[in-house]
Amino acid sequence: MSRLIKVLRRPITASILAIVVGFIVAALVLAAAGYAPGPSFAALFNGVFSKPKYIANVIIKATPLIFTGVAVAFAFKTGLFNIGAEGQYIAGTICAVTVGVLVDLPAVLEVPLVVLAGTAAGAGLGALVGWLKARFGISEVITSIMFNWISLYACNFAANSSLLHQPNSTGSLPINPSGYTMILPNWKLSEQGMATLRNVPWLYDMLVRTDMNVGILVAIACAILIAYLLTRTKVGYEMRAVGLNRDAAQFAGINVSKNIVLCMLISGALCGLAGALAITGTEPHGIATLAAFENNGFNGLSVAFIAGTNPIGCIPAGFLFAGLIYGGQSVQQVMGAPSDIINIMIGTIVFMMALAQVVPMIADWLRRREANRERAAATGGADGKEADHA
């Protein structure tokens, strides 16, 4: 029993249970809709793992989700709810494209400049949300939602502007090739590269047939860096203190307003960086007129909650989310099942994560019951000894 209690108290237990329940609910929905759950899940996993290019595409899709998930998790740990990750991501793409189209430098200068421009845009938007909260007490939820829409329409304006618009299309010009961050973009398409890669079929499938880029490495590094910042630095301690109790933090001499702005700035910077790396790393290397949100930021909310708002946990959560979305296409193609069933699964997992505190409560209840039993056994044994002595 004590071992079970220890397992239930671990944060990862709630995540695993949520995922299991999500699959069970999806299986019930599939069965109710007339689709066999077993073959449907087989199609899901085949759509993720059966080919190297599928794995590569899941990694590519997971990259912005990890970034935005870490951004939301970081803000949540500091007492803020950054629901504006979508807008900050879009702002990053706009500025990255603008700089990438207008400036053409050698790759060693072009890539950092484009990425920095996107990161700065997201950081600036996040800092503005934080400043409005710190200065005027305006909820970051309200302002960040409004900025999401502002960013969407700013993207449409930029994509159709005379400065960036690509003729006969609904999108912008692509950035200059010197700003690309795909893995070996020129070599892999050269005669020598193609000849070399054809001898390694799985590598050819991953590199040539997809836009595999360095973004995932940056995303993982950022997740680790944010976790270190929160738990191992003075700045992180002050941020968490502000999140736990703003009044107590201010009484202890911590500058609350500065920390609110800094937290939102860092969170926005992560989203802007995600947008910039999406532009430099994947086709069409530009922005397009948006009829609706692409959900890279909103899906980051789900990733953060699946991870229990743990920055490191956002890495596997991002891969899980991307795998479900990408593999869900195979369920629709192979089984004819609607993709909404995958969305139901994801929604169930997120809902169950919202109830994550129930698992530790069950562990506490089991621990108290076991303690009561031990106390009762000890009391009964003592009474028996006294009776024998009499």
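A residue counts as buried when its relative accessible area is under 20%, as exposed when that area is over 50%, and as partly exposed in between. Keep these cut-offs in mind. The model itself is predicted.

Start with confidence. The protein chain has a mean pLDDT of 88. In this chain, 91% of the residues reach 70 or more. Helix H1, residues 2-9, has the lowest confidence, with a mean of 62. Helix H5, residues 85-102, has the highest, at 97.

Now turn to the aromatic rings. Two numbers describe a pair of aromatic rings: the distance of the centres and the angle of the planes. A search of the whole structure finds 10 aromatic pairs. One of them joins Phe-45 and Phe-49. An α-helix has 3.6 residues a turn, so residues three or four places apart point the same way. Phe-45 has a relative accessible area of 40%, so this residue is partly exposed. Phe-49 is at 56%, which means it counts as exposed.

A second pair brings together Phe-293 and Phe-298. This one is edge-to-face, with 5.3 Å from centre to centre and 80° between the planes. Phe-293 is buried at 16%, while Phe-298 is partly exposed at 25%. There is also an aromatic cluster, formed by Phe-23, Phe-41, Phe-45 and Phe-49. The charged end of Arg-135 sits over the ring of Phe-136, 5.1 Å from the ring's centre.

Next come the salt bridges. How many does a search of the whole structure find? There are two. In one, the side chains of Lys-133 and Glu-140 meet at 3.1 Å, N to O. Lys-133 is buried, with a relative accessible area of 17%. Glu-140 is buried too, at 6%. The other salt bridge links the side chains of Arg-209 and Asp-205, at 3.1 Å, N to O. Here Arg-209 is exposed at 54%, but Asp-205 is buried at 8%.

Look now at helix H11, residues 234-244. Its buried residues are Gly-236, Glu-238, Met-239, Ala-241 and Val-242. What covers them? The cover includes helices H4 (52-77), H10 (215-232), H12 (246-251) and H13 (256-281).

Finish with the loops. Most residues other than glycine have a negative phi, and most peptide bonds are trans. Some places here depart from that pattern. The loop between H13 and H14 holds Pro-284. The peptide bond from Glu-283 to Pro-284 is cis, with omega near 5°. His-285 is in the loop between H13 and H14 as well. Its phi is positive, near 60°. His-285 is buried, at 1% relative accessible area. Asn-168 also has a positive phi, of about 60°, although it is not a glycine. Asn-168 lies in the loop between helix H7 (140-159) and helix H8 (191-197). Is Asn-168 buried or exposed? At 85% relative accessibility, Asn-168 is exposed.

One more loop lies between helix H14 (298-306) and helix H15 (314-335), and Thr-309 is found there. Thr-309 has a relative accessibility of 9%, so it counts as buried. Beyond its neighbours within four places in sequence, Thr-309 is in contact with Ala-73, Phe-76, Lys-77 and Ala-304.

Note on methods: Residues numbered from 1 in each chain as written. Heavy atoms only, no water. pLDDT = per-residue confidence, 0-100. Helix = DSSP H or I, 4+ residues; strand = E, 2+ residues; numbered from the N terminus. Buried < 20%, exposed > 50% of the residue type's maximum accessible area, 1.4 Å probe, protein only. Contact = heavy atoms within 4.5 Å. Salt bridge = Lys/Arg side-chain N within 4 Å of Asp/Glu carboxyl O. Phe/Tyr/Trp six-rings, centres within 6.5 Å; stacked < 30°, edge-to-face > 60°. Lys NZ or Arg CZ within 6 Å of the ring centre and 35° of its normal.
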